[in-house]
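Please work through each task before reading its solution.

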Amino acid sequence: MHLLHRLGLTVLCAAVVAGAQAQTVALSGMMGGKALLLVDGRAPKSVAPGETYMGVKVLSAANEEAVVEIAGKRATLRMGESPVSVKGKGAGNKIVLTADSQGHFMGPGKINGQAMQFVVDTGATAVSLGVNDAERMGIPYKNGEQIRMGTANGNVVGWRIRLASVRIGDVELPGVEAVVTPSSMPYVLLGNSFLTQFQMTRINDQMVLERRY
């Protein structure tokens with residue numbers, strides 16, 4: 001039973017897809033004003049200006065080139081050229097967390113630039129935070145997708161949102177999927193929408209998370 005269950009909450013909605021961040025991007029062609037992007041070696045995907053695919057936002061696409069934005073940085077892709085790799089701020093690749101007396105791996109970090117306390121929860125589909133923290137940060141969570149959440153007192157409504165950034169140490173990921181629970185929580189659960197982008201290794205009382213480059 002993961003930590004969200006211990007707080008009396010169970011997400012009953014469909015699984016949240018981890019917000020992947022592209023590492024290499026190339027332009028394979030143009031299609032009706034859309035850019036055909038090759039992201040991390042995957043099959044070409046047509047993306048229109050203003051749309052985002054795997055963390056790559058297309059700003060413009062014309063004349064066999066596309067201007068994209070990845071992790072806050074712009075890059076120009078041209079047909080036939082080598083893939084572009086872009087790192088944004090928070091470009092570190094390793095996080096080290098130490099277990100507390102109960103065996104929970106915890107540590108300080110930031111959401112949207114504001115300080116938070118995180119605890120690793122591999123059983124949580126997404127990063128999960130309480131309505132208290134969402135309101136303190138001014139996140140318009142009620143504009144997110146409503147989801148059903150079960151509690152000891154019955155079903156309640158939560159919200160699925162996308163955080164602008166999650167940062168721990170010098171590692172920062174943009175566009176991370178998250179769930180806002182309708183009750184207050186003492187810390188933020190660092191779920192799989194963040195964790196799946198790392199290789200996890202436990203060494204005694206430490207957990208090492210290394211970016212999957």
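Arginine 160 is buried, with a relative accessible area of 16%; the cut-offs are under 20% for buried, over 50% for exposed, and partly exposed in between, with a 1.4 Å probe and protein chains only. The model is predicted, so local features need pLDDT of at least 70 and side-chain atom pairs count only at pLDDT 80 or more, whereas totals for chains, interfaces and linings use all residues. Residues are numbered from 1 along each chain as its sequence is written, and side-chain values use heavy atoms, with hydrogens and water left out.

**Exercise 1.** Determine which side chain meets that of arginine 160 in a salt bridge, and where the two residues lie.

*Solution.* Step 1: the criterion is a side-chain nitrogen of Lys or Arg within 4 Å of a carboxyl oxygen of Asp or Glu. Strands here are DSSP runs of E with at least two residues, numbered from the N terminus. Step 4: glutamate 145 is partly exposed, at 41% relative accessibility.

**Exercise 2.** Classify glutamate 172 and arginine 167 as buried, partly exposed or exposed.

*Solution.* Step 1: glutamate 172 has 13% relative accessibility and is therefore buried. Step 2: arginine 167, at 26%, is partly exposed. Step 3: the two side chains form a salt bridge with an N to O distance of 3.3 Å.

**Exercise 3.** State how many salt bridges the whole structure contains, and describe the one between arginine 78 and glutamate 65.

*Solution.* Step 1: a search of the whole structure gives five salt bridges. Step 2: in one of them, arginine 78 and glutamate 65 meet at 3.3 Å, N to O. Step 3: this pair links distant parts of the chain, with arginine 78 in strand β8 and glutamate 65 in strand β7 (residues 65-70), 13 residues apart. Step 4: arginine 78 is partly exposed at 37% relative accessibility, and glutamate 65 is partly exposed at 28%.

**Exercise 4.** Give the strand order of the open sheet that four strands form, and identify its edge strands.

*Solution.* Step 1: the order is β5-β6-β7-β8, with antiparallel pairing; two strands pair if DSSP finds at least two bridges between them. Step 2: β5 (52-53) and β8 (73-78) are the edge strands, each pairing on one side only. Step 3: two bridges join β5 to β6 (residues 56-62), and tyrosine 53 stands opposite valine 56 in β6.
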